[in-house]
Every structure is written in structure tokens, then in C-alpha cells.
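Open the model in your viewer and keep the sequence panel beside it. Each stop below tells you what to select and what is there.

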Amino acid sequence: MASNPLDEARAAALQEASRTPAYKKVRRVDPQESPVAAKEPDPELPLTLIPKERYTSTEFMRLEWERMWSKVWLLGGPMSDLREPGDYIATDIGKESILIVRQKDGGVRAFYNVCLHRGNRLRPEGASSADSFKCQYHHWDYEIDGSFKRIPDLDTFPQGAPPCRGLTELPCDTWGSFVWFSLDQNVGPLKDFLHPVDQHLAPYNFHKMALTRDVTVEWDCNWKTSVDAFNESYHVQGIHPQLMWYLHDIDLQIDCYERHNRYLIPFGTVSPRVRKPPTIPDPIKVIMKAAGMDPADYDEPIENIRRDVQRFKRKHGATQGKDYSGLNDDQLTDDYHYLIFPNVTLNTHADDLMLFRQRPHATDPNKMYYDIWTFELVADGAEWPERPKHQRFLHGDKSIGLVLDQDSQNLPGVQAGMHSAGFEGLWLGSQELRIRHFHKVLDDYLKKPQA
Ligand code: FES
Ligand SMILES: [Fe+2]
């Protein structure tokens, strides 16, 4: 059937009305000057439905565990929790719990967090410090290098001590002020796994950023339902309309790499979906003030603010004790937003990092653990703030901030809806390319021939 030209014109007008021409495009850094800004060619991926069972089925969850979670590198925690010998992080992933421990020789090692006597967990989740790891049940004691320290009444074990040196060790490595581990004894190098994100993020000086928030919330959704929610900006107009007054949510640059992906979100500008505001929106004033500018003095058009914040930070960063020298201009304002496959979301800014770690529940595909770690750049010479206490609660028990509350309230409904007979799977658009790519990478693991 031939299309109706009137309908076409109406559709075009509607589309135009949803944008404000003055804000249609944002200036971007030239990749010639900053290769990290280069656009990756989009992958050619089939436009088929993503089956909902990937989010709801225990069988799929089991496959993920066997073929993906137990094969990849996983984020363990910030190195700032491992300053002295004996400092440790106990972190759970699915049915496992891992102890990551700073050694006397300065190295960092990871062990299964389980006593070799009767299987008791040695330490609950969290970061702390220990001289040794004594199991609370019968007091088997392990050195911080995992070796046996003492087995009470060893002479009552006719078979002797277990035929190993102590706790079962796992691959462990560090990058970007974070410690990583893998459940795969044969995993390849961490650096290869992270490529190219490790190179992209190197200039951000994560080692100068202090942890300022450490929260875990149990959410009633699959871990991928959460990953998806941060991998597209399409829902900003639906769930977070307030964001449209300080960021550009459409026509984003999306880059998909071998495993990981990203999009670049311009901040300090308004969405093309809103009409040009008569005065500087309050959230943009906040961005200007954070840079050291006074919005009351600003007399240029609003569309120049992002550029001028970049210039201001470039000019005054050094005197503010902030080293922006390795960052391009866009990185001074924008969110370079990465997913490190499978479960680490990084909202990367020049002065802060908001990191989400999405962890699967041990047995239920409809539940997950959502970790929020916020880091803030500490200016040279300024005092390093005290580490915040870890908070843990159920969805809805406490606010996690307006934007994340909006996501948090939305996601259980998405998970519940996926169980409906009226829904078959995800119908994704081009703004959701990262989700499609994420599932492709997941499939690469699930379909890998098993040894
Ligand atoms: S289970 Fe740990 S000492 Fe018995
Ligand atoms: Fe969101």
C-alpha cells in the first residue's frame, strides 16, 4: 500500500516538534585531536526480538553461571579498601563469596571465602582488616596468604590436614584503582579482557578519587534488567524528565567494542526534546558552580554554556588542584558512560565517577544486587574524606536519590511484565543498540564450545 504523503508530513512535523532546532546537535571533540572520542562503526546485529526467557528462566540463569560468570573477570572492589597487609574485601557473586586480601609483600590475592573444614563462610560481605582468618565454627585458622595457620586438635584427624596449603586461590589482578578476580583458573590477562576501556579511562586519575558512597540495594529484577536500564538514554523522557534540562539524551554517540560498550552523553546542555529555556536551568547552574563559574555573570546564549564550562575547567583546573591534562574537552563536561561486560556500569566524569555493579542473585533470576559506588576527585592538597560505611537495604526501604529512585521504582514492573503471556521479548530500537550488543556478547560466551 502506498504511503499517504499527509501522514508522512504529519509524522515529520511531529518528529520536528519534539526537537528544538537550536539544540539538535552538540559540538563534539574531533577524534583527530582525541582518539578516545573516535566513533566505532556500529556492529551489524540482527533486529530480532530478545527473548524474555533470558531474564526470567532459571535454566538460562544456570547457563549464564556456568559459561559466563565463571569465565569472565569480575570487579571485586576499590583498592582504597586494601591499603595495608591484612586489609580485605569479602564480596559475593551468585552462589560464591570471595576474599580479596592485601599481602605482606604488597601483592593482592583472592580466595574462595570458605573454610575447608565443613564449608562455613569465613567472613560476611564487606571491607575490613584481619591478622588471620579464623573460622567461627571450629576455629580453623588461615594466614592472610590463605595457608593453614592452625587446626585445633589436628591429632584427632587420622587422615591429617587437607592435602593442600590452605584456602583455594583464584586469579586476581588490579586495574584503575580497582581489584578484579575471576572464577576461571585459566582466564586470560585482565588487561586483554578490559581492552580498550582500560586505555580510555586511564587519564581520569581514579587513584585520586575517594569513595564517597557505598550502597547495596536488593532489587526485584534480573541483573540484566538493571544493566539494560543504564545502557540506553531512550527512557530519559519517560522516567527522568528532569534530566532533559541538563543533558543531551538523543543522537548519542554509541560505540560497541569486542565485549564492552559505551555512549557519550553531553552534559551542561538541554535535551533536543525540550523547548529552549528563557533562563539557565537550575541543574546547569549547578554544573557551572561546580566548575567554579558564577551563572549570574554569564551573558552568552545557553547553548554556549557546555563549551564555556569546558574552557573554564581547562583554564582553571590546575589552580584548583585538578589535573585534567589527559582529558579531552568533552570529557570535562560529559558523561563517558561505559559498560564493562558483564556487570559494571561507569558514569565517568572529570571530577567524579558513579559506578554501578549489578550482581545476580544466587538462585532467583527475578532478584539481583545493585551496588552503587560514588567516587569524587580529591583536589591536590585537600584532605581525603573518610570512607563511608557500607549500607545495605531492600528496594523501597530508603531513597537512593531522585534519578536512581525513578529507575528503582520502574524495574520491578519491567521484570513482572516479562512474565506476562502478552509479552514475548525486547523490541529494541537504535537508541538501544548497546543492549543488543550486550546480548550478542553474552551469547558469545554461552555458545562457546565447552571443553
Ligand atoms: S567449618 Fe570452619 S572450622 Fe569447622
Ligand atoms: Fe534511568
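Two residues are in contact if their C-beta atoms, placed from the backbone, lie within 7 Å. Helices (H or I, at least four residues) and strands (E, at least two) are DSSP runs, numbered from the N terminus. This is a predicted model, in which local features need pLDDT of at least 70 and side-chain atom pairs count only at pLDDT 80 or more, while totals for chains, interfaces and linings use all residues. Residues are numbered from 1 along each chain as its sequence is written, and chains are lettered from A and ligands numbered from 1 in the order in which they are written.

**Stop 1: helix H8**

Select residues 282-291, which form helix H8. Which residues of H8 are buried? They are Ile284, Ile287, Met288 and Ala291. A residue is buried if 20 or more other C-beta atoms lie within 10 Å of its own, exposed if 12 or fewer, and partly exposed in between; the C-beta atoms are placed from the backbone. Look down the axis of H8: the buried residues fall within an arc of 95° (taken from the directions from the helix axis to the C-beta atoms), so they line one face of the helix. An α-helix has 3.6 residues a turn, so residues three or four places apart point the same way. Now turn to the other side of H8, where Asp282 and Lys289 are exposed. Just after H8, Gly292 takes a positive phi of about 105°.

**Stop 2: helix H9**

Ile284, Ile287, Met288 and Ala291 in H8 meet Ile305, Val309, Phe312 and Lys313 in H9. The residues of this contact divide into 7 nonpolar (Ala, Val, Leu, Ile, Met, Phe, Trp, Tyr, Cys and Pro), no polar (the others, Gly among them) and 1 charged (Asp, Glu, Lys and Arg).

**Stop 3: Leu428**

Select Leu428, in the loop between strand S21 (425-426) and helix H11 (433-446). Leu428 counts as buried because it has 20 C-beta neighbours inside 10 Å. Not counting residues up to four places away in sequence, Leu428 touches Ile50, Ile435 and Arg436.

**Stop 4: two prolines**

Most residues other than glycine have a negative phi, and most peptide bonds are trans. Go to the bond from His195 to Pro196, which is cis, with omega near 0°. Pro196 lies in the loop between helix H4 (190-194) and helix H5 (197-201). The bond from Phe341 to Pro342 is also cis, with omega near 0°.
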